Amino acid sequence: LDSSSKGKLSLGYARYIGRTNATELGYSMGQRGKFQYAFGFKYLGYGKNETFDQNGNNIGTWSASDFSFKGIASYQVDSSLKVGASLQQAVVQLPQNSVTASLLDIGFYYKEPNSTWSAALLFKGMGKVYGVDQKSPFDIQFGVSKKPKNAPFRLLLTLYGLQQWDVLSEDQKTLDETVDPISGDIVKEKRWIWGDNAMRHLHTAMEWQFGQMRLFTGFNYERRKSLQIETAPGLVGMSMGIN
C-alpha cells in the first residue's frame, strides 16, 4: 500500500489446492499526509464435496467458504520505515453452522532508499473467534528479500510460526524402528528433530523478471512433509506463478 496504488482497483484470483478458489478485491481510496487508506474483500470457496454415511452410501453434497472484509491503513514513518495495519471481519460458513472472527494484523516494512535489501515483520491474526471454543490464528512472520546487483532475480526468505518453536506432533517425533538382520536387535533410526522443526518455519522463494513479466517460484518444507505421499512425492511443497 503506497502512493503508486492510490485510486486504483485491484482484483486477484487463484485456483488453489483441490477445488479451492480464492478471489480478492481491493481499492486504495487515497492519502492524507503520511497516512494511506484502502479496503478489501476476500472470498475463499472450497467447492462442493460428496458426503457418505457409515455404509458408504452417497447422501448428498456439502460446501464451505470463507468471507472477509477488511480496512487497511499504512503510515510512512520516514524514508526507510513504513507501518501498516488491517482490521478484518471474517465469516466461515460451514455445513452445520458458521463462525465469525474479528482479526487484526500489524506489520513493519523497512527498506533503505536505493537499497537492494528489504525486511518485514508481521503480527498476523490477533483477535477473537466467535461461535466456537477456538483461539485466533495468531502468527508471527519475518521476511527478508535481496536482489543481487545486475541480476534478473530476487531472493526471498520468510520465517513463519515464530510464536511457537516446537510444531512437531508426537508421531512426527517418534523415531522409526528397524530390526538388524544379523543381530536381530531393534535399531532406532536417527532423526534431526531440531533441524526438522527449524525447516517447518521456513519458506524460500525466488522472483525472476523478464521485461514486464515476472515468474515466481517457492518451496515450503512443512507443506511438503505434511502433504506428500511417500511413494510419489513429486512437486509437493513447490509453488509457481506468473505476473
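I started with a ring cluster: Tyr-27, Phe-39 and Phe-69 are linked by ring pairs. I kept in mind that this is a predicted model.

Next I asked how many aromatic pairs the structure holds. I found seven. I picked out the one formed by Phe-153 and Trp-208, which is tilted, with 5.2 Å centre to centre and 50° between the planes. Phe-153 sits in strand β9 (residues 153–159) and Trp-208 in strand β12 (residues 202–210), so this pair ties together parts that are 55 residues apart in sequence.

Then I stepped back to the fold. I counted three helices and 14 strands in the protein chain. Its radius of gyration is 22 Å, well over the 18 Å from the globule rule for 243 residues, so the chain is more spread out than a compact globule. I also noted the box filled by the C-alpha atoms, roughly 75 × 50 × 35 Å along the principal axes.

On burial, I wrote down that 21% of the 243 residues are buried. The accessible surface comes to about 16800 Å², and 59% of it belongs to carbon and sulfur atoms. Of the contacts between residues at least 6 apart in sequence, 39% join residues at least 24 apart.

My last entry is on charge: I have 27 positive and 22 negative side chains, with the centres of the two sets 13 Å apart.

Definitions and conventions: Residues numbered from 1 in each chain as written. Predicted model: local features only at pLDDT ≥ 70, side-chain atom pairs only at ≥ 80, totals over all residues. Heavy atoms only, no water. Helix = DSSP H or I, 4+ residues; strand = E, 2+ residues; numbered from the N terminus. Rg over C-alpha atoms; globule rule 2.2 N^0.38 Å. Buried < 20%, exposed > 50% of the residue type's maximum accessible area, 1.4 Å probe, protein only. Contact = heavy atoms within 4.5 Å. Areas by Shrake-Rupley, 256 points an atom, 1.4 Å probe, with all protein chains shown as cover. Lys, Arg positive; Asp, Glu negative; His and termini not counted. Charge placed at Lys NZ, Arg CZ, Asp CG, Glu CD. Phe/Tyr/Trp six-rings, centres within 6.5 Å; stacked < 30°, edge-to-face > 60°.
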